[in-house]
4 protein chains.
Amino acid sequence: MRDKRYKEALLSTINKAEEGNRISRWFDVFIMTLIVLNVVAVIIETVEGIYLKYQFYFDVFEYFSVIIFTIEYFMRLWACTAKEKYAHPVWGRIRYIFSIEALIDLMAILPFYLPLFFDMDMRVIRLLRLFRLLRIFKLGRYSIAFIMIVKVIERRKEELMITLTLVLVLMILSSSLMYYIEHEVQPEAFTSIPATMWWSVATLTTVGYGDVYPVTPLGKVLAAFIAILGIGIFALPAGILAAGFESEISKREKNRSKNKRKE
Amino acid sequence: MRDKRYKEALLSTINKAEEGNRISRWFDVFIMTLIVLNVVAVIIETVEGIYLKYQFYFDVFEYFSVIIFTIEYFMRLWACTAKEKYAHPVWGRIRYIFSIEALIDLMAILPFYLPLFFDMDMRVIRLLRLFRLLRIFKLGRYSIAFIMIVKVIERRKEELMITLTLVLVLMILSSSLMYYIEHEVQPEAFTSIPATMWWSVATLTTVGYGDVYPVTPLGKVLAAFIAILGIGIFALPAGILAAGFESEISKREKNRSKNKRKE
Amino acid sequence: MRDKRYKEALLSTINKAEEGNRISRWFDVFIMTLIVLNVVAVIIETVEGIYLKYQFYFDVFEYFSVIIFTIEYFMRLWACTAKEKYAHPVWGRIRYIFSIEALIDLMAILPFYLPLFFDMDMRVIRLLRLFRLLRIFKLGRYSIAFIMIVKVIERRKEELMITLTLVLVLMILSSSLMYYIEHEVQPEAFTSIPATMWWSVATLTTVGYGDVYPVTPLGKVLAAFIAILGIGIFALPAGILAAGFESEISKREKNRSKNKRKE
Amino acid sequence: MRDKRYKEALLSTINKAEEGNRISRWFDVFIMTLIVLNVVAVIIETVEGIYLKYQFYFDVFEYFSVIIFTIEYFMRLWACTAKEKYAHPVWGRIRYIFSIEALIDLMAILPFYLPLFFDMDMRVIRLLRLFRLLRIFKLGRYSIAFIMIVKVIERRKEELMITLTLVLVLMILSSSLMYYIEHEVQPEAFTSIPATMWWSVATLTTVGYGDVYPVTPLGKVLAAFIAILGIGIFALPAGILAAGFESEISKREKNRSKNKRKE
């Protein structure tokens, strides 16, 4: 019984702080800062010269972070049985390990330990370094923006599916046509239909890098027609996500101003 | 009389399944998978090397698909008289042959048979291969997205016409002006007004490939002015299509949540 | 008195046809076709080779058009006194000549007659040829799209002014900053602040031709910041025009469906 | 007491004119014109040749402007004690000096005086010349557009923060992935994650200069996916600013039409 109380106290400390819980608040700030610094470290490490020059500090910081994240991981694993969902000391913990939350925590530390136990070539190790960036998802516990992403995608799942189908069909039709028109004149740019899809995405999202574009008159007429009518279709999935976020944001604002009025 | 019942049973099997009709459901899934695989085959065939390497499998799959689609076509042709609209055994069938639905089905198989009966040069055969992609429209019977496209275009026909007129007029005026300004300095890029329209589309859709752009100060000032004011006009047709889809999608969602509440 | 009746009959014939007036309808179609063909002729004349090859036909068509448009101009000038506004036989006609409608009609024919009476060098004559394109505005009498343009700009005048001010200020600030940052490294691309405005328009309208872009790290950071925050500001004028058109279109649709219900 | 009346009269003259106050109106127009001409001068000075040719006139205009702005600055400093907020003759004035309004006025003249008192190298002087452009913010007292910018940013602060976080996270994730995919093939374009962020901004704002783009098939697939889903996220901050302006503009229009109806 006392054991459970310890676990609950621990969980309430390491989870997102409720108002008034000062220690928990400090712990949150500490972990969030650590995560952000980790992300910054992964990013600036890639700048030529910086890593070589400050390798020692980067490595120390990496060791330090992994130790903290490992302790956090095992504390959570130990305390998780305090929740009814994971109550069983063995099966509950196993179920917890495979929860999304715990998997993200594991992904944050595993890439560090794997090369110690297994023999790996450079390519794989390089990939594992990239995995360190997944630590950013640990912010998901604290950041509103992250929580919103999941909510928005869940709620608009179906609209996203329908609009992505439209995007796919439009992409297939436009790049097939363009391929048959331009392939003979520009065999190196419009090599195949899948390759032409790159043109089709660049055009219909209006990014227009300019690395591929039609040169035949017929190709240009087709591209103009596709662009004028198709840009709206390609804007649909991004627009649905954007609208989802906007409605979540305005919902939050309303709630907040309501709460303020209550006080 | 019994004949008609057979036809109706056949139609209800090969058409989109109503709830509960299991065989029809399996038939739908089979045909849809076949169509999707056909589209995928047409697309990846164009990748250099792949066709040469796996020509045999591609050809077998093509034969198989055409046989299925041909059987489907004639089954539909036989059974169509069960519908009142095409009731007459001869004239009804002829009228059915010229319905959009049947024409799409015919377009899906005809490109295969034509070269067997007629002598054709490579260019035409290549074009006929492209026609195989039209099989994607056979999905129209099953896919909501396809049904929506037709609905949206029909409902917004007039708005589309008006906005496309605006787009055309803006395109004519801006490219004529730009042609007269830039032609002397860049005769190879702004060769004629029709050629300058390519610049005008690339700019006003904000694609901006960067293959043509004004270089004279006057041309740049004009391009800036046209871009700042004209981009909205060019966004109208795409926007109308996008708004049409969005309203169709939200209508569907509402209907569905209403039906759920009823249950 | 009888004279006035003739004038009114003439005006009702050459103006946009009311329902039932068949001759007027045919006249409208004839003039509109002539205008559209004129615009098409101006456009395809600029295609190298075509003008040289078919010069005779282009010239005959030009003579024919100018004769028709001249007759139309003088018929209108003669008949205008039937309207109360231009009732006085001399002053009324002079006032009519300076009305926008009449000026557009004059601009459509004057470029043809001027070189006959005055000695002009090639450059001016070339410019006058461009003026033939203004005949497109003669469509303004018949086309809904044209009538809408005028309405929309009139109604949204003030919003357009405010947003264009914002665009101008943002353009000045962003190009000044960018000029001071990039000038030393790319003196040929960012030659001066006015020249840098070309970059700023291409970026903030998201056209992005790719002829000028920052290369210094500081320039890139600034460009990213300006783009993420500024694109919305640059989209305002175009958006206001687009919204204006959309509201005009939907107003028309409503009116029409109302009229239909009445019948 | 009389002193205070003088100060108030002075303030009401140099501040934005209330209706009916003619002298104040003329003063406003004079100062606004001077500011606009200053901005124009700073801009066209940077055009090669113009400054060298007309240096004398530019310098005279600069002296004249600085004298006027300096007099204005000290008049405001003298008169500010008439306002309750800055009533104390010493501390009130010091507090006024550090108000945003006064700092902008100071920034407009200080760059002129600093080089007279301190020894500075060319780079710093060049930077100070740029600071003259800050005079544009002096328009803030008179221009609606400027007043709106401040209001909009203040009101949408929180939405902007949330959406900018989303933009940052999306930028980090997409450029990290792209860096790991493209770095080996294009080490000079995708040198590091921060460098790859330039690609990510150019793509997700749909500017697409075309100086960097993925070339590997995997990179292209990723870029397509990121573009189709991410463009909406990047459009959020700009969209929030734009929506803020639009609502401010329409509020103004409504107030105005209300006032008109009252009259």
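In this predicted model, chain C and chain B bury about 3,400 Å² between them, and 73% of that area comes from carbon and sulfur atoms. On the chain C side, Arg126(C), Trp198(C) and Tyr209(C) lose the most area to chain B, and together they make up 20% of what that side buries. Counted by residues, the contact draws on 38 from chain C and 41 from chain B.

Polar contacts do turn up, with 4 residue pairs found across the interface of chain C and chain B, both partners at pLDDT 80 or more. As for where the touching residues sit, the elements of chain C that each give two or more residues to the side facing chain B are α2 (22-45), α6 (122-131), α7 (144-155), α8 (157-182), α9 (193-204) and α10 (217-262). Out of these, α10(C) gives the most, with 11 residues. Sorted by type, the residues on this side of chain C come out as 26 nonpolar, 4 polar and 8 charged.

Next comes the interface of chain B and chain A. Here 37 residues of chain B are in contact with 41 residues of chain A. The buried area is about 3,400 Å², with carbon and sulfur atoms giving 74% of it. Within chain B, Arg126(B), Trp198(B) and Tyr209(B) supply 20% of the area buried against chain A, which is more than any other three residues do. Again, salt bridges between chain B and chain A number 0, while the rule for polar contacts picks out 4 residue pairs across the interface of chain B and chain A, both at pLDDT 80 or more.

The helices α2 (22-45), α6 (122-131), α7 (144-155), α8 (157-182), α9 (193-204) and α10 (217-262) of chain B each put two or more residues on the side that touches chain A. The largest share of that side, 11 residues, belongs to α10(B). By type, the chain B residues that touch chain A split into 25 nonpolar, 4 polar and 8 charged.

Aromatic rings are the other topic. A pair of aromatic rings is described by the distance of the centres and the angle of the planes. Over all chains, the count comes to 41 aromatic pairs. One of them joins Tyr63(A) and Phe112(A), edge-to-face, at 5.5 Å centre to centre and with 90° between the planes. Tyr63(A) belongs to helix α3 (residues 50-79) of chain A and Phe112(A) to helix α5 (residues 100-117) of chain A, so this pair ties together parts that are 49 residues apart in sequence. Phe112(A) has a relative accessibility of 21% and therefore counts as partly exposed.

In chain D, Tyr63(D) and Phe112(D) also make an edge-to-face pair, 5.5 Å centre to centre with 90° between the planes. Since Tyr63(D) lies in helix α3 (residues 50-79) of chain D and Phe112(D) in helix α5 (residues 100-117) of chain D, the pair links parts that are 49 residues apart in sequence. Are the two partners buried or exposed? Tyr63(D), at 48% relative accessibility, counts as partly exposed, whereas Phe112(D) is buried, because its relative accessible area of 19% falls under the 20% cut-off. Back in chain A, Tyr54(A), Phe56(A) and Tyr57(A) form one aromatic cluster.

Definitions and conventions:
Residues are numbered from 1 along each chain as its sequence is written. Chains are lettered from A and ligands numbered from 1 in the order in which they are written. This is a predicted model: local features need pLDDT of at least 70, side-chain atom pairs count only at pLDDT 80 or more; totals for chains, interfaces and linings use all residues. Side-chain values use heavy atoms; hydrogens and water are left out. Contact means heavy atoms within 4.5 Å. Buried area is the accessible area (1.4 Å probe) that two parts lose on being put together, summed over both. A salt bridge is a side-chain nitrogen of Lys or Arg within 4 Å of a carboxyl oxygen of Asp or Glu. A polar contact is a pair of N or O atoms within 3.5 Å; within protein, one must be able to donate a hydrogen and the other to accept it, and residues adjacent in sequence count only if both atoms are side-chain atoms. Helices (H or I, at least four residues) and strands (E, at least two) are DSSP runs, numbered from the N terminus. Ala, Val, Leu, Ile, Met, Phe, Trp, Tyr, Cys and Pro count as nonpolar, Asp, Glu, Lys and Arg as charged, and the others, Gly among them, as polar. Rings of Phe, Tyr and Trp (its six-membered ring) pair if their centres lie within 6.5 Å; planes under 30 degrees apart count as stacked, over 60 as edge-to-face and the rest as tilted. Buried means under 20% relative accessible area, exposed over 50%, partly exposed in between (1.4 Å probe, protein chains only).
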